[in-house]
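This briefing sets out computed features of a protein model, grouped by topic for reference. Please read the points alongside the sequence and the structure.

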Amino acid sequence: MNKKRYKILMASLVVVLAGAAVIFGIAGRDEGSVEQVAAKSDESKTETYRSVEVLETVGTAEVTRKKKDMAVYESMKLQPRDLMSTGEDSQVDLKLDDDKYVVAGESTKVRFIAKGNKEKGSIRLKLKEGELSNVIENKLSEEDSYEVETPDCVMAVRGTEFYVMAGKLADGKGTRTVLSVQEGSVEVQLKTADGLGETRMISAGERVEIHTLEGEAENAFFVEPSEVTGGWLGGSNTSGTRTQIPTPATFVARDASIAEIMSGTGTLERGGQTINLTKGLEILQGDRIRLTSGTIEIQIDDNKKIFLEGDGAELLFSGLSGTKGNGAIALSLPSGSIACSMSEAMGSSDSCQIAIPGGTVAVQTPSGNTGFGITVEAMGGNNETTITVDSGQLEVALTSNEKKTLTTEGEAAAKVVWNAATGKYEFGN
C-alpha cells in the first residue's frame, strides 16, 4: 500500500483498492427521484419507496444522468438509471432507506437496482468490479430482499455486515470475488453457464473467494474459506459520525509479489490455473509456488523478504490477511528451503506462522529484526526439518505438543524428525 493511499485510509478510515473508474447506476422507474411517497387507497396510510442518498464523498465522483455529467455532492438523491463514477483514492458513502449503509470504494463499477419498499420489495447491487462494504442494521421483512451480484456469484442477506470485492484475476484470464462476513451470514450461489449452481452459507468471521476461469465453461468455483481478522472501513450514519464497518481482512490484502528470480524456473498455481513465475507477479492468498529449480525472492509488505530455493521446493500462501501491523501471514513449506528477514517486529495485532511437516514455526520477536531459515528435506520417505535463528525469536510447536523457543541468546537451532517408533514428529538432535 503506497503512502498516498495510506494517508487517505487514515483520514477517512476506509480501505480502498486500486483499479479503473467507477460506474454506479440505479435501476428502477424511468422518472423522478428514487425517493417517493405514494398515497394508498386508504388515504390514512402512506407507502415509502426506496431512497438512495449520498451521505459523504471523498475524492472525485460524477453522476451521468441522461447523457449529462454532474458532480456528486452530499445529500444528493440518486435517480433511476444514474451512473456514478469515482476517481482513484475516492469513495462514496450511501444511505439506502433509513437503515442500510454502503461504502463504494475507488475503482468500483456497480448498478443499484431498487424495487418496491422496505415491507415488500428488493435491492440488488450488481457489482462488476471494485469493492463495497455493506451494513444492514435491521433484519429485512419476509417479503424484502437484499442481494449483491458479481460476475461469479449472487449473494443474499437478511441482516448483516459484510464486504465484497470483485475484479479480474492477476493474469486477466478470469474473474475473482472475495466475500468477508463480519456479522450475520450471507448465502452465496455460484454462477454457471446454465444459470446458478452450488450454494454455500458463509458465517460471521469467515471469508470465501470465488473464481471463474476463461475457457472453463464460465463455471465459478469456491476457494476454501478462512477465518477473518483485520481492520475497518469507515462509513457514515444519520448523525454525521463515522460508522465502523468491518473490512475484508484478506482482501485489504497485504502486498505480496515475486521481487526477483535469482535463477531457475517455477510456476504459481491459483485455482485451476498454472502461471509461470515472472518478476513482479502478484501473490494472492491460496496461491502455491512450485520451483523446478533455482532461487526466487518474495516481498511481503515493505519489510519482509523470503528467499525460496531448492529443486521441487513448494511454498503455499494459505493466509495473507489484514495489513502490516494488523492481520496475519500463514505459509506452508512442505519441501525446500526458505530464508526470511523482517526489518520490523510483527506487532501485537499481527502474526506470521509457517507450517512444516509435524508442526508450525511462529515469529515471536517482541522488537527489532527477525532473521531465520527453515529447510525441509525428504529422509527415507519421511521429512526432516531444520530451523535456525539468526536474529529475533521463534516458537516451534509440534503436533505432539512439544514446544521450543529459539533465540540467538539461547538455543538457536532445532530439528524436527519423524519417529517411526512413536508414529510422531519429535525434536531430534
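The protein contains one helix and 34 strands. The model is predicted. Of its 429 residues, 48% are buried. The accessible surface amounts to about 19,200 Å², and carbon and sulfur atoms account for 46% of that area. Where contacts link residues at least 6 apart in sequence, 52% of them join residues at least 24 apart.

**Nonpolar cores**

- The largest nonpolar core comprises 43 residues, and Ile-289, Ile-298 and Ile-374 have the most contacts inside it.
- Beyond its neighbours within four places in sequence, Ile-298 touches residues including Ser-257, Ile-258, Ala-259, Ile-283 and Ile-289. Lys-304, Lys-305, Ile-306, Leu-315 and Phe-317 are also among the contacts of Ile-298.
- In soluble globular proteins, nonpolar side chains tend to be buried together.

- Strand E14 (residues 161–168) is largely enclosed by the rest of the structure, because seven of its eight residues are buried.
- E14 pairs with E11 in the antiparallel sense, over six bridges. Within this pairing, Leu-132 has Val-164 of E14 as its bridge partner.
- E14 also pairs with strand E15 (residues 174–183), again in the antiparallel sense, through eight bridges. Here Met-165 stands opposite Val-178 of E15.
- The hairpin formed by E14 and E15 has five residues between the two strands, and Gly-172 in the turn adopts a positive phi of about 80°.

**Strands E4 and E8**

- Strand E4 (residues 52–58) has five buried residues out of seven, so E4 is largely enclosed by the rest of the structure.
- Six bridges connect E4 with strand E8 (residues 91–96) in an antiparallel arrangement. Glu-53 is positioned opposite Lys-95 in E8.

**Strands E5 and E7**

- Strand E5 (residues 61–65) runs antiparallel to E7, and four bridges join the two. The bridge partner of Val-63 in E7 is Met-84.
- In a regular strand the side chains alternate between the two faces of the sheet.
- In strand E7 (residues 83–86), Met-84 and Thr-86 make up the covered face, whereas Leu-83 and Ser-85 make up the uncovered face.

**Cysteines**

- There are zero disulfides in the structure.
- The cysteine sulfur closest to that of Cys-352 belongs to Cys-340; at 6.8 Å, the separation is too far for a bond, because a disulfide requires the two sulfur atoms to be within 2.5 Å.
- Cys-352 is buried, with a relative accessible area of 4%.
- Cys-153 is likewise buried, with a relative accessible area of 0%.

**Individual positions**

- Asn-117 occupies the loop between strand E10 (109–116) and strand E11 (120–136). Asn-117 counts as buried because its relative accessible area is 4%, and the cut-off is under 20%.
- A polar atom of the Asn-117 side chain lies 2.9 Å from the backbone nitrogen of Glu-119.
- Thr-323 belongs to strand E25 (residues 304–323). Thr-323 is partly exposed, at 27% relative accessibility.
- Although Thr-323 and Asp-255 are 68 residues apart in sequence, their C-alpha atoms are 8.5 Å apart in space.

Methods: Residues numbered from 1 in each chain as written. Predicted model: local features only at pLDDT ≥ 70, side-chain atom pairs only at ≥ 80, totals over all residues. Heavy atoms only, no water. Buried < 20%, exposed > 50% of the residue type's maximum accessible area, 1.4 Å probe, protein only. Polar contact = N/O pair within 3.5 Å; in protein donor to acceptor, adjacent residues only side chain to side chain. Pairing = 2+ DSSP bridges. Contact = heavy atoms within 4.5 Å. Areas by Shrake-Rupley, 256 points an atom, 1.4 Å probe, with all protein chains shown as cover. Core = buried A, V, L, I, M, F, W, Y, C linked by side-chain atoms within 4.5 Å.
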